[in-house]
Amino acid sequence: MRLRSAFLAALGAALLIATTPASASAATGQFRYDYVTEEGYDATGFLNSPPSGRCIDLPGAGEDNPQPGHSPKNRTDAWATVFTDTNCEGDFFTLRPHTGGASERLKVRSVVFN
């Protein structure tokens, strides 16, 4: 009877661990980029503490805007890989954590944090 109780307790603990959601990890800090709005105005976009491991299409610089974003600044504590196309496709460039920024020549439409 003791063996059965121990087995059921262990099984219950394993099920509890398996069903507990993992905490979402996120980069801490801010990722910034510049872009020109569809109306022709200069603007700055930013992502505050963005999620890690998930592709993010940059608001204002996505498929709806004919001009991509530029001059990304990774002020988070995670590595950021920026892409020239949406959905993290196309050419890419990796920015170290806490970098001041890249050149205006670096065009971006999406990013993923590692």
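Author: In this predicted model, a residue counts as buried under 20% relative accessible area, as exposed over 50%, and as partly exposed in between.

Reader: What pattern does the chain follow when its secondary structure is read along the sequence?

Author: The secondary structure of the chain comes to one helix and eight strands. Read along the sequence, these elements follow the pattern α-β-β-β-β-β-β-β-β.

Reader: Among contacts between residues at least 6 apart in sequence, what share joins residues at least 24 apart?

Author: The chain has 114 residues, of which 33% are buried, and its accessible surface comes to about 7,400 Å², with 55% of that belonging to carbon and sulfur atoms. Among the contacts between residues at least 6 apart in sequence, the share that joins residues at least 24 apart is 65%.

Reader: Is serine 71 buried or exposed?

Author: Serine 71 is found in strand β4, residues 69–76, and has a positive phi of about 55° although it is not a glycine. Most residues other than glycine have a negative phi. With a relative accessible area of 9%, which is under the 20% cut-off, serine 71 is buried.

Reader: What is the phi of asparagine 87?

Author: Asparagine 87 is found in the loop between β5 (80–85) and β6, and at 46% relative accessibility it counts as partly exposed. Although asparagine 87 is not a glycine, its phi is positive, at about 60°.

Reader: With which residues is histidine 98 in contact, leaving aside its neighbours within four places in sequence?

Author: Histidine 98 is placed in the loop between β6 (89–95) and β7 (107–108), and it counts as exposed because its relative accessibility is 57%. Histidine 98 and glutamine 30 are 68 residues apart in sequence, with their C-alpha atoms 9.2 Å apart in space. Once the neighbours within four places are left aside, the contacts of histidine 98 are with Asn74, Arg75, Thr76 and Asp77.

Conventions
Residues are numbered from 1 along each chain as its sequence is written. This is a predicted model: local features need pLDDT of at least 70, side-chain atom pairs count only at pLDDT 80 or more; totals for chains, interfaces and linings use all residues. Side-chain values use heavy atoms; hydrogens and water are left out. Helices (H or I, at least four residues) and strands (E, at least two) are DSSP runs, numbered from the N terminus. Buried means under 20% relative accessible area, exposed over 50%, partly exposed in between (1.4 Å probe, protein chains only). Contact means heavy atoms within 4.5 Å. Accessible areas come from the Shrake-Rupley method with a 1.4 Å probe; for residues, only the protein chains shown count as cover.
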